[in-house]
Amino acid sequence: MNQLVSRLIALLVMALLVACGDSTETDSATTAGGSERDISSEVEAYYAEHADFFRFKTPADIPADLVWEDGSELPDIGSPDARKGGTFYGAISDFPRTLRTVGPDSNGAFRNYILDDVAVQLAHRHPEEYSYYPGIATAWAVDEGNHTVYIKMDPDARWSDGVPVTADDMLFLYFFNQSSYIVAPWYNNFYSVNYDNITKYDDHTISITTAGPRPDLLSYALEHTPAPRHFYKELGDDFVERYQWRFVPTTGAYVVHDEDVDKGRSITLTRNDDWWAKDKKFWRNRYNMDRIRLSVIRDTPKIFESFKRGDLDTFGLNLAEYWYEKLPDTDPDVQNGYIYKTVFYNQWPRPTYGLWINTDRPLLNDLNIRIGINYATNWDLVIERFFRGDYERLNTANDGYGRYTNPNIKARPFDIDKAQEYFAKAGFTRRGPDGVLVNDQGQRLAFTITTGYESLQDVLTILKEEALKAGLEFRIEVLDQTASFKKVQEKQHDIGFTAFGSFLEEYPRFWEYLHSDNAYDQAFLPDGSVNPDRKLKAQTNNLLSVADPEIDRLIEQYDTSTNADEKMELAHRLEQLHFENASFVPGFKQPFYRVGYWRWVRWPEGFSYKYTDSATGLYIHWIDEEIREETLAARRAGRSFPPHIEVYDQYRAQ
């Protein structure tokens, strides 16, 4: 379900589900030693050993009184005017470290292009109506009493290598994600503890039963992409290396060919001409470009320069500096109608931009110091100065979840006196010659903030200058995005300035970020006391290293709650405990997205949809190559078009 983790994961990411098909398919690849590997017998043995989880029945066993839904009443997505063809030119700031969609280093920004935003799941939430529309599933029926969802799969569905997508790929998804081979503890846990069984009735009919009743049962059953069993027949201990640069067959529109991977320089995606969903409702007006070429440009100003030259088709203008100064409304390319500017207000759980404090580090394991850091961090000045007042203060790590966001929690304001009060409680009462507080042991109150946001470096400069007023030193470490996230996931940071992407889901998540299972190998002894020999657990999203028995207990109760009111109450209590733990310093949120684009990039009327998190994530835009040529010719000749600066605020929160 949720690509849980993370787009976190953000995202993080549910569908991590990589994908494929029929167990009878062969693969010519060999192991490093030259011998072929076929995991089929191991898979079947695992199914037999876990027969209560992996079940096999017949269509006659499906209840006759089920009420089937198919989402067909929902409006289509995209524009019937969309043109197929053309090449979209974009940029990525760091070359992906792998083409795997799971395991070490797989959770980078590039994964959106091959999984999160493109893979077809069983079903997806509609970006306007929130209900589910069909993907691989053609219909589904809910048995609430047995917390089971019955699913009919589309016989037309194919992997990008032409192999049919079948029920076997859904069963294999659970084997794959429960396997230690993939080196992905989050997926191992999620696909084990949240489900009771998956049942195959025929090649295109399954049911999924959760471990208990859930108010969000459909999301746990439908938000999956199968895993291609035929592709992973060589799965084993060398999974990370073996599949490092092998493109996983996809249910989505785009593939990556070996010859289009120019390591360190660019990577190109090609639209699959035989994509099985290309003529189906909800999909037919999307994924319109024939090719998407992504060049590695590591510096944001250089990305902008490439955009202004016309080498790139779009450029995100969320940063005030670019919206107001680098590309003002008076810019000649804007006034002459070559480049369009758009603001779109959306409704979406907000990414968790802020400071993630590693509570396992010396000094940072002191609650008083963490509270002091909260008071010494001047986010309001960042919003006023850097974001020109367009952004808002984030109050919790779960803003944007409606009634499940605790309305009584307000982020601690910048307050020098309060910061010094809490630092003094931790023994930091006198300043050194550089203005930084020191304790009786001569330790300085200084910590390193690690980030991968090169474009937000000035944010940290403001925080650094303001924190020193309270006697706190922030050292700034800017790495590339992949290296930065790897460092914080391995818990090698003091403080991480990062954010987890959010997903379109009703309930916030806590287990990934706050449960001790994701902090240490064994946080507590059987008697409940702290395990003195515990070791940090890497490659999880508990960047805070939080391990609190009460938080664990409430999370476990929250995850199994079937009552929406109780779930809301538990969410509020968990958010309050997180606030009291002071390990997260809420930063900022933006209630919109802004984008600049050349006039040959087209969007539907109304531009986008209510439940979207970016201008391009739904792939409803298209390239008009005739307009590209017309625009470039007009620019050379000095001819102009009407300027186009639009604000779409129909979904702006009141």
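## Ground rules

A residue is called buried here when its relative accessible area is under 20%, exposed when over 50%, and partly exposed in between, using a 1.4 Å probe and protein chains only. Val163, for instance, is buried because its relative accessible area is 7%. Val163 sits in the loop between β7 and α3, and its C-alpha is 27 Å from that of Thr87, 76 residues away in sequence.

What you're looking at is a predicted model, so local features need pLDDT of at least 70 and side-chain atom pairs count only at pLDDT 80 or more, while totals for chains, interfaces and linings use all residues. Numbering runs from 1 along each chain as its sequence is written, and side-chain values use heavy atoms, with hydrogens and water left out.

## Overall build

The protein has 18 helices and 28 strands; these are DSSP runs numbered from the N terminus, with helices being H or I of at least four residues and strands E of at least two. The C-alpha trace spans about 80 × 75 × 55 Å along its principal axes. For 654 residues, a compact globule would have a radius of gyration near 26 Å, and the 25 Å of this protein agrees with that. That radius is taken over C-alpha atoms, and the globule rule is 2.2 Å times the number of residues to the power 0.38.

Of the 654 residues, 60% count as buried. The accessible surface comes to about 25,400 Å², with 46% of it belonging to carbon and sulfur atoms; areas come from the Shrake-Rupley method with a 1.4 Å probe, and for residues only the protein chains shown count as cover.

## Helix α7

Helix α7 covers residues 300-309, and its buried residues are Thr300, Ile303, Phe304, Ser306, Phe307 and Lys308. Just after α7 comes Gly310, with a positive phi of about 90°.

## Salt bridges

Side chains of opposite charge can pair when their charged atoms come close. The structure holds 46 salt bridges, each being a side-chain nitrogen of Lys or Arg within 4 Å of a carboxyl oxygen of Asp or Glu. One of them joins Asp156 and Lys280 at 3.1 Å, N to O. This pair links distant parts of the chain, 124 residues apart: Asp156 is in the loop between β7 (148-153) and α3 (167-178), and Lys280 in the loop between β12 (266-271) and β13 (291-296). Asp156 is partly exposed at 43% relative accessibility, and Lys280 is partly exposed at 24%.

Asp203 and Lys200 have their closest N and O atoms 3.6 Å apart; Asp203 is partly exposed at 42%, whereas Lys200 is buried at 15%.

The protein carries 71 positive and 102 negative charges, and their mean positions are 5 Å apart. Lys and Arg count as positive and Asp and Glu as negative, leaving out His and the chain ends; each charge is placed at NZ of Lys, CZ of Arg, CG of Asp or CD of Glu.

Glu69, Asp70, Glu73 and Glu129 make up a negative surface patch. Patch members have over 30% relative accessible area and no salt bridge, with like charges joined within 9 Å and nonpolar side chains (Val, Leu, Ile, Met, Phe, Trp, Tyr) within 5 Å. Glu129 lies in the loop between β4 (123-125) and β5 (132-134) and is partly exposed, at 41% relative accessibility.
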